Amino acid sequence: MRLAVYGSRPDGHANVVLDLFGADAGHEFVGLLDDWPENAERTIGGLRVIGGIAELARLATEEIEGVVLGFGAASGRLAVLAAIEAAGLALPTLVHPTAFVAPSATLAPGAQVMPQASVGPHAQVGRGVLVNTGATLDHDVVVGDGSVIDPGAVLTGRVRIGSEVEVGSGASLIPDSVVGDGATVGAGAVVVRPVEAGATVVGVPARPLAG
Ligand SMILES: CC(C)(COP(=O)(O)OP(=O)(O)OC[C@H]1O[C@@H](n2cnc3c(N)ncnc32)[C@H](O)[C@@H]1OP(=O)(O)O)[C@@H](O)C(=O)NCCC(=O)NCCS
């Protein structure tokens, strides 16, 4: 399948995707997508920016069959996913060979499970979710569409994460924790109470960031 990576940052997630899932892993990446005019000339690994959201319909008929998200932010992910799907493009699911995904877990289109990450029994991972390096989703965890679980975060049993949530690196969420849509859990936080939609929480135990 001819794929494009949405994102073009040379030291960001796009380059990680190309390194881990490129030609050596059987995927054919043919270009980059980026909506920032100042990035229009960017290239990574010989691939150049071939367009942005506005060109997806044309690219779908001429150049590409699917798109892989190549950025690590949660904010804005749902809009990009919707545009990709509206253009009739595929959202391949990527699982690194060193990751563990339980047979009973489900990964929606566009989910990415990076090296050494773990997705436990009966977990449900939504569309376009990034489970980054070494993150752990234990049994029965539910992660909503467009969320990002940063490196080393630990989501214990039955944790429920809304959509477009970022769980920061090394954060821990005790069993049955609930995090609302659009919330952010800071790096290293320990979540012991529900996190409201749109809130940012930090610390041990996690509390809303003032301001
Ligand atoms: C929580 C977070 C989103 C806040 O970002 P922000 O809104 O830009 O906040 P600021 O950096 O302005 O910091 C605001 C205050 O919160 C504190 N703070 C920020 N992040 C914190 C964290 N994770 N834990 C505890 N305190 C934190 C800062 O020290 C600062 O305190 P001060 O006002 O007393 O100086 C961010 O710091 C964070 O942890 N993001 C996760 C990043 C990550 O893990 N990325 C992985 C990419 S692969």
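Predicted model: local features only at pLDDT ≥ 70, side-chain atom pairs only at ≥ 80, totals over all residues.
Which loop is H122 found in? H122 sits in the loop between strand 10 (118–119) and strand 11 (124–125).

Residue numbers start from 1 along each chain as its sequence is written.

Okay, back to H122. Its phi is near 65 degrees, so a positive value in a residue other than glycine, and H122 is partly exposed, with 17 other C-beta atoms within 10 Å. For that term, 20 or more other C-beta atoms within 10 Å of a residue's own means buried, 12 or fewer means exposed, and partly exposed is in between, with C-beta atoms placed from the backbone.

Then there's R158, in the loop between strand 16 (154–155) and strand 17 (160–161). R158 isn't a glycine, yet it has a positive phi of about 65 degrees. R158 counts as partly exposed, with 18 C-beta neighbours inside 10 Å.

Next, a cis peptide bond: it joins V204 and P205, with omega about -10 degrees. P205 is in the loop between strand 23 (200–202) and strand 24 (207–208).

Last, the ligand. There are 14 residues around it, and G168, S169, G186, A187 and V202 come nearest; being near means a C-beta atom, placed from the backbone, within 6 Å. That shell has four nonpolar, nine polar and one charged residues. Here Ala, Val, Leu, Ile, Met, Phe, Trp, Tyr, Cys and Pro count as nonpolar, Asp, Glu, Lys and Arg as charged, and the others, Gly among them, as polar.

Methods:
Helix = DSSP H or I, 4+ residues; strand = E, 2+ residues; numbered from the N terminus.
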